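Please read the points below against the sequence and the coordinates.

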Amino acid sequence: MISKRTKNLEVQLQNISDFPGCLILYIRGEVRGKSANWLQKCVREYIERGFNKLIFDLTEYHSYPEDLIGCFLIFQKILRQTQGDLVIAEIDSKVFYVFQLLGFPYYFNYRKTSKDALSFFQQRGPFPKIFRCGKCAQWLEAPSPGFASCSICSSVFSLNDDGEILHGTAIDYNSKKN
Ligand SMILES: [Zn+2]
């Protein structure tokens, strides 16, 4: 577990070894103003590295969540561009009440525990598969098993039913082999 902190805010990050691309973030403290900017920068770095299934565990978040909601909106928008998503787990009923008041009771995926959130992602399967072309670094999306090609340099890839790339030079952040 990696721990990162700034004034009033600590984030612990846990990656799931048998489920690549997934990250659990335990948020403790207060997300407001500067710490919201810090959180955005921190999470964006992980999204850039290929983590597109994020679980935010709010067991220890009891502060006013307006800026945290702002961060979630940004993360969700970025994540959905790479077929990823975020799930909020262990949200305190008082904090959730503010989510409701501000109009976000259904906008995000909520699960009772981080474990429930993990099964939400695990049930979704490997497709559409997101990876990067190994030659030109373009992000690519394969909707189903079979062949895919790079829209920039025309490199060809083939993918099996498990979403593994069998042929072609690819950067696959979600592969257990990397
Ligand atoms: Zn390419």
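1. The chain holds four helices and twelve strands; helices (H or I, at least four residues) and strands (E, at least two) are DSSP runs numbered from the N terminus. Its radius of gyration is 17 Å, close to the 16 Å that the globule rule gives for 178 residues, so the chain is as compact as a globular protein of that length. The radius is taken over C-alpha atoms, and the rule is 2.2 Å times the number of residues to the power 0.38.

2. On provenance: this is a predicted model, in which local features need pLDDT of at least 70 and side-chain atom pairs count only at pLDDT 80 or more, while totals for chains, interfaces and linings use all residues. Residues are numbered from 1 along each chain as its sequence is written.

3. Along its principal axes, the C-alpha trace of the chain spans about 50 × 30 × 30 Å. Of the 178 residues, 30% are buried. A residue is buried if 20 or more other C-beta atoms lie within 10 Å of its own, exposed if 12 or fewer, and partly exposed in between, with C-beta atoms placed from the backbone. Among contacts in the chain with a separation of 6 or more, 56% join residues 24 or more positions apart; a contact means that two C-beta atoms, placed from the backbone, lie within 7 Å.

4. How do α1 and α2 pack? Helix α1 (residues 34-48) and helix α2 (residues 66-81) make an angle of about 20°, and their axes are 10 Å apart. Axes are lines fitted to C-alpha atoms, for helices over the stretch in contact, and angles run from 0 to 180 degrees between N-to-C directions.

5. Two backbone angles deserve a check. Glutamate 90, in the loop between β5 (85-89) and α3 (93-101), has a positive phi of about 60° although it is not a glycine. Glutamate 90 is buried, with 21 other C-beta atoms within 10 Å. Serine 154, also not a glycine, has a positive phi near 65°; its loop runs between β9 (146-149) and β10 (156-159). Serine 154 is exposed, with 10 other C-beta atoms within 10 Å.

6. Is leucine 102 buried or exposed? Leucine 102 is exposed, having 12 other C-beta atoms within 10 Å, and sits in the loop between α3 and β6 (109-111). Leaving aside residues up to four places away in sequence, leucine 102 touches Glu66 and Ile69. Its C-alpha atom is separated by 42 Å from that of cysteine 150, 48 residues apart along the chain.

7. Threonine 6 belongs to strand β1 (residues 2-6) and counts as partly exposed, with 15 C-beta neighbours inside 10 Å. Residues up to four places away in sequence not counted, threonine 6 touches Ser35 and Trp38. The C-alpha atoms of threonine 6 and tryptophan 38 are separated by 7.6 Å, at 32 residues apart along the chain.
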